[in-house]
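Hi,

Here is the structure I promised to pass on to you. Have a look at it first, and then read on for what turned up.

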Amino acid sequence: TDLVQLDLQGDGAGSLVDGWASGKPDGSIDILVWNGTLDQSKVKGDPLLDRRIEVRIEQLSERTYQCFLARVDAVHSNIAAHWHIEDAWPTAEQWDELHTFDRLDEHPLPDVVPHNGNAHFDFDLPMPGVVRLRLTPK
């Protein structure tokens, strides 16, 4: 796996919003972007800290990419949404039920055909939240 250059710009870039990108020898690219604050009073989120993320990928060499967006936030991939902290420790049956919700929320995006080697994506990223954009050559 090779690290891919990732430049962040805009309100909160490099602190509230940060990211990481990598490429694989098969031409696949993974971009991970997260939105979080150290202010623990906002652990359940704050709409003022939600962001619109724009991703521009340059120098793509493949002709068509299959794309997927995976999310972890209050409503995606969130097992805590199925358990109340004030409840007692889960029973074995409740653990089994919680296990059924323990899945990564991943959705396919339309295939991308880069224009002059470039591709563009944009999506909302709540705080707190994490997204992974995956491009795989077809």
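Predicted model: local features only at pLDDT ≥ 70, side-chain atom pairs only at ≥ 80, totals over all residues.

How many aromatic pairs does the structure hold? The structure holds one aromatic pair. Its partners are W89 and W95, with 5.6 Å from centre to centre and 65° between the planes. The pair counts as edge-to-face because the angle between the planes is 65° and the cut-off for that class is over 60 degrees.

Are the two tryptophans buried or exposed? W89 is exposed, at a relative accessible area of 70%. W95 has a relative accessible area of 40% and is therefore partly exposed, since that class lies between the 20% and 50% limits.

Now for the fold. You will find one helix and eight strands in the chain. Following the sequence, they come in the pattern β-β-β-β-β-α-β-β-β. Among contacts in the chain with a separation of 6 or more, 70% come from residues 24 or more positions apart.

The C-alpha atoms fill a box of roughly 55 × 35 × 25 Å along the principal axes. The chain has 138 residues, and 31% of them count as buried. As for charges, the chain carries 12 positive and 24 negative ones, and their mean positions are 5 Å apart.

Definitions and conventions: Residues numbered from 1 in each chain as written. Heavy atoms only, no water. Phe/Tyr/Trp six-rings, centres within 6.5 Å; stacked < 30°, edge-to-face > 60°. Buried < 20%, exposed > 50% of the residue type's maximum accessible area, 1.4 Å probe, protein only. Helix = DSSP H or I, 4+ residues; strand = E, 2+ residues; numbered from the N terminus. Contact = heavy atoms within 4.5 Å. Lys, Arg positive; Asp, Glu negative; His and termini not counted. Charge placed at Lys NZ, Arg CZ, Asp CG, Glu CD.
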